[in-house]
Amino acid sequence: TVIDQVEKLAKVAREVKVGVVCSGHEAKIVRKIIGQDNLIFTPGIRMSSDNKDDQSRVCSPREAIENGANKLIMGRSLIKGDIEKNINKVSNSVKN
């Protein structure tokens, strides 16, 4: 299954002490395996109000961070339209 593969690769990453690129949906599983010292890079980040476009597995910035992601990889949600406004929108969405 996808989860089995994610767990297997996360264990390899933990052994060689490298970060992981994974969906925000699997970040929680990966974080439990690799611990707090290794980074999790999460692509497919969209604001909940944004179009998913060609991405089928998206997470909001807050959801990805809550699931354990350290680094969010965003494209269209930031550069489409007013970039400064979009950055502020993302920043505000992750503040407590």
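## The overall picture

Welcome to this protein chain, which has five helices and three strands. What you are looking at is a predicted model. Starting at the N terminus, the elements follow the order α-β-α-β-α-β-α-α. The C-alpha trace spans about 40 × 25 × 20 Å along its principal axes.

The chain has 96 residues, and 32% of them count as buried. It exposes about 6300 Å², with carbon and sulfur atoms supplying 52% of that area. Contacts across the sequence are worth a look too: among those between residues at least 6 apart, 46% join residues at least 24 apart.

The three strands form an open sheet in the order 1-2-3, with parallel pairing. Strand 1 and strand 3 (71-72) stand at the edges with a single partner strand each, so one side of each has no neighbour in the sheet. In general, the strands of a sheet pair through backbone hydrogen bonds, and the pairing can be parallel or antiparallel.

To find the pairing of strand 2 and strand 3 on screen, go to residues 40-42, which make up strand 2. Two bridges join strand 2 to strand 3, and the two run parallel. Phenylalanine 41 is a handy landmark here, as it stands opposite lysine 71 in strand 3. Helix 2 lies across strand 1 and strand 2, and it runs at about 170° to strand 2.

Side chains of opposite charge can pair when their charged atoms come close. A search of the whole structure finds two such salt bridges. One of them joins glutamate 26 to arginine 57, with the closest N and O atoms 2.5 Å apart.

Is glutamate 26 buried or exposed? Its relative accessibility is 7%, so glutamate 26 counts as buried, the cut-off for that being under 20%. Arginine 57, by contrast, is partly exposed, with a relative accessible area of 40%. To find the surroundings of glutamate 26, look for Val2, Ile3, Val6 and Arg57: these are its contacts once neighbours within four places in sequence are left aside. The loop that holds glutamate 26 runs from strand 1 (20-21) to helix 2 (27-34).

Arginine 62 is partly exposed, at 29% relative accessible area.

Helix 1 covers residues 2-16, and valine 16 belongs to it. With a relative accessibility of 53%, valine 16 counts as exposed. Together with Val12 and Val18, Val16 forms a nonpolar patch on the surface, and the three share about 230 Å² of accessible area.

Lysine 17 lies in the loop between helix 1 and strand 1. Its backbone deserves a glance: lysine 17 has a positive phi of about 60° although it is not a glycine. Lysine 17 also counts as exposed, because its relative accessibility is 67%.

Where does glycine 75 lie? Glycine 75 is in the loop between strand 3 and helix 4 (76-79). It is partly exposed, with a relative accessible area of 30%. To place glycine 75 relative to another part of the chain, turn to histidine 25: the two are 50 residues apart in sequence, and their C-alpha atoms are 18 Å apart in space.

Definitions and conventions. Residues are numbered from 1 along each chain as its sequence is written. This is a predicted model: local features need pLDDT of at least 70, side-chain atom pairs count only at pLDDT 80 or more; totals for chains, interfaces and linings use all residues. Side-chain values use heavy atoms; hydrogens and water are left out. Helices (H or I, at least four residues) and strands (E, at least two) are DSSP runs, numbered from the N terminus. Buried means under 20% relative accessible area, exposed over 50%, partly exposed in between (1.4 Å probe, protein chains only). Contact means heavy atoms within 4.5 Å. Two strands pair if DSSP finds at least two bridges between them. Axes are lines fitted to C-alpha atoms, for helices over the stretch in contact, and angles run from 0 to 180 degrees between N-to-C directions. Patches are made of residues with over 30% relative accessible area and no salt bridge: like charges are joined within 9 Å, nonpolar side chains (Val, Leu, Ile, Met, Phe, Trp, Tyr) within 5 Å. Accessible areas come from the Shrake-Rupley method with a 1.4 Å probe; for residues, only the protein chains shown count as cover. A salt bridge is a side-chain nitrogen of Lys or Arg within 4 Å of a carboxyl oxygen of Asp or Glu.
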